[in-house]
Amino acid sequence: MKSSIQFALNGWPVTLNTDDDRMLLWALRTDLELTGTKYACGEGICGACTVVVAGKAVRSCRTALKTVAGKEVLTIECLARDGKLHALQQAFIEHGAFQCGYCTSGMLLTAYVFLRENPKPLREAIVAHMERNLCRCGAHQRIVEAIASASQAPGTSS
Amino acid sequence: MSPSRGLDRRAFLELAGGGVVVLVALGPAALRAQDARRVYPEDFNAYLVIGENGRVTVFSGKIEMGQGAMTSQAQMVAEELGVELASIDMVLGDTDRCPWDMGTFGSLTTRMFGPALRAAAAQARLVLTTLAARKLGVSQDRLVVKAGRVTVAGEPNRAVSYGELSKGARITQVVDDKAVLRAASEFRVMGASPPRLDAPEKVTGAAKYAADIRIPGMLYARILRPPMHGATLLRLDTAVAEQLPGITVIRHDDLVAVLHADPESAATALASLKADWRLPEAKLDQDSIFEHIVAYAWVRDAEPPRLVALLPPVEPAASAAQGAQAAPGTPLGIGLNNDR
């Protein structure tokens, strides 16, 4: 249904006049031209399109616009603040935690929410939590290492 | 008649005269010769430009797709030219600015293009040190290059930078000597594992992938996929899609695509197509597919490639029992035998 949707995007108020059954992914990529959020499977399976809505990591390809009205949406474009990379981004670079990088936005935002809720995770918990984000290049081991090093778990901080 | 692209290796060898000599030469030169009109340029100016500020811009037709080619190529130039990795900017795959390249595939970047790129950087270094020797009034063998700066050995104040020497312009100086590539034992930058040069843009979402690039007037296509191999299109109803604003439907026999300026609308139009397919009767299922593949495999070393039935269908238990003594000719893998 066509309507006027308002939400906070990366700290800025946004108003979209559009069909509120559309998926958040396409509003971000097409209407708002934020292409850091990736379209991959389109079915909520791979996690490449993950963004943060009201503090939770969600699959934007399966998130209807009407469900984000009035909420706070964060995308990969806001993870670095004031020109300074987030500790997770820095850790991904240092650990070479990607090859093509297509899954990276979703990996980072999934890990971002996870570490906020679990600042000192066990390695097993990281593995279990990241299991639903797919990386076809096969960088999972390095991704887990990077997340561990960016966490506050003892013996892992870089 | 010159060999052209599209010839297979065998036909090329026959055209080129065949025989042992050509086979021995089957390295970069022969692969390049497959398209005699297109070779990597000899002039190093085609590969790199040194700005007045000392930054080195490297041009290459080999693109980055996750394999690390942006970083590895920069390492090669940094090593041979004698500059810091951090002073290099890479321009990859821009057909207006980069030297011609056949493409990025087949693990050819390092072993095929690498030597040409390294030679270009080494030659640039030789020319620059020749210029530096003249400018500093010493013989070349007294010069030391480090981080894009040429210094007289033991006299750190007598120095000139690459940027001052090149002044950002094309370097036209010609030297008679051919530069010698650094030996592996001398490598400082090559062989190391620096952070990837493409890392910052990939962790910030700034990297532009093909699907992120928007060009004015560009349309996205979504293709109607048949539900199974061998299906044929009996009937297609595009009425709903045709009514959607901005949609173009293209049909060529059984190949159908819908086009729109944004990918979401193209997907909506695709979903609105009503297609009836004639489906072939499936001859294989999950239980029989493996034996089918084993029985009809390309024999890896047969020449020319031929499709053969190698093994009679066997029971899984019997197959496992025979595993240790596979007969000659047992397929080692599935693949065309020209992939080598």
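Two strands count as paired here if DSSP finds at least two bridges between them. With that in hand, welcome to a set of close-up views of a predicted model.

**View 1. Three strands of chain B make an open antiparallel sheet.** The order of the strands in this sheet of chain B is 4-5-6, and their pairing is antiparallel. Strand 4 (143-146) and strand 6 (155-161) of chain B are the edge strands, each pairing on one side only. From one strand to the next the twist averages 30 degrees. Look for the four bridges that join strand 4 of chain B to strand 5 (residues 149-152) of chain B. Along this pair, B:Val144 stands opposite B:Thr151. Helix 5 (residues 108-136) of chain B lies across strand 4, strand 5 and strand 6 of chain B, and it runs at about 130 degrees to strand 4 of chain B.

**View 2. Strand 2 of chain B pairs with strand 1 and with strand 3 of chain B.** Strand 1 (residues 48-50) of chain B meets strand 2 (residues 56-60) of chain B in the antiparallel sense, over three bridges. Here B:Val49 has B:Thr57 as its bridge partner. The hairpin of these two strands of chain B has five residues between the strands, and in it B:Gly54 takes a positive phi near 90 degrees. With strand 3 (residues 88-92) of chain B, strand 2 of chain B pairs in the parallel sense over five bridges. To get from strand 2 to strand 3 of chain B, the chain crosses through helix 4 (residues 69-81) of chain B, a β-α-β crossover that is right-handed. Four of the five residues of strand 2 of chain B are buried, so this strand is largely enclosed by the rest of the structure.

**View 3. Five strands of chain A form an open sheet with mixed pairing.** Follow the strands of chain A in the order 2-1-5-3-4. At the edges stand strand 2 (12-19) and strand 4 of chain A; each has a single partner strand, so one side of each is left without a neighbour in the sheet. The twist in this sheet averages 40 degrees from one strand to the next. Strand 1 (residues 2-9) of chain A pairs with strand 2 of chain A in the antiparallel sense, over eight bridges. In this pair A:Ile5 stands opposite A:Leu16. Helix 3 of chain A packs on the sheet, where it touches strand 3 and strand 4 of chain A, and its direction makes about 35 degrees with that of strand 3 of chain A.

**View 4. Helix 3 of chain A is largely enclosed by the rest of the structure.** How many of the 14 residues of helix 3 of chain A are buried? The count is 10, which is why this helix is described as largely enclosed. Among the buried residues are A:Met107, A:Leu108, A:Leu109, A:Tyr112 and A:Leu115. The cover over the buried residues includes strand 3 (50-53), strand 4 (56-59), helix 2 (87-94), helix 4 (123-130) and helix 5 (140-150) of chain A, together with helix 7 (199-203) of chain B. A quick check on the geometry: at 1.5 Å a residue, the 14 residues of helix 3 (residues 104-117) of chain A should span 20 Å, and the end C-alpha atoms are 20 Å apart, which agrees.

**View 5. Chain A touches chain B.** In this view 24 residues of chain A are in contact with 18 residues of chain B. Helix 1 (24-31), helix 2 and helix 3 of chain A each give two or more residues to the side of chain A that touches chain B. The largest share of that side, four residues, comes from helix 2 of chain A. By type, the residues on this side of chain A divide into 12 nonpolar, nine polar and three charged.

**View 6. A:Glu33 and B:Ser107 have positive phi values.** Most residues other than glycine have a negative phi. A:Glu33, however, has a phi near 55 degrees, and it sits in the loop between helix 1 and strand 3 of chain A. Is A:Glu33 buried or exposed? With 9 other C-beta atoms within 10 Å, A:Glu33 is exposed, because the cut-off for exposed is 12 or fewer. B:Ser107, also not a glycine, has a positive phi of about 55 degrees. B:Ser107 is found in the loop between strand 3 and helix 5 of chain B, and it is exposed, with 9 other C-beta atoms within 10 Å.

Terms used. Residues numbered from 1 in each chain as written. Chains lettered and ligands numbered in written order. Predicted model: local features only at pLDDT ≥ 70, side-chain atom pairs only at ≥ 80, totals over all residues. Axes fitted to C-alpha atoms, helices over the stretch in contact; angles between N-to-C directions. Contact = placed C-beta atoms within 7 Å. Expected span 1.5 Å × (residues − 1). Buried ≥ 20, exposed ≤ 12 C-beta atoms within 10 Å, placed from the backbone. Nonpolar A, V, L, I, M, F, W, Y, C, P; charged D, E, K, R; others polar. Right-handed = clockwise from strand over helix to strand, strands pointing away.
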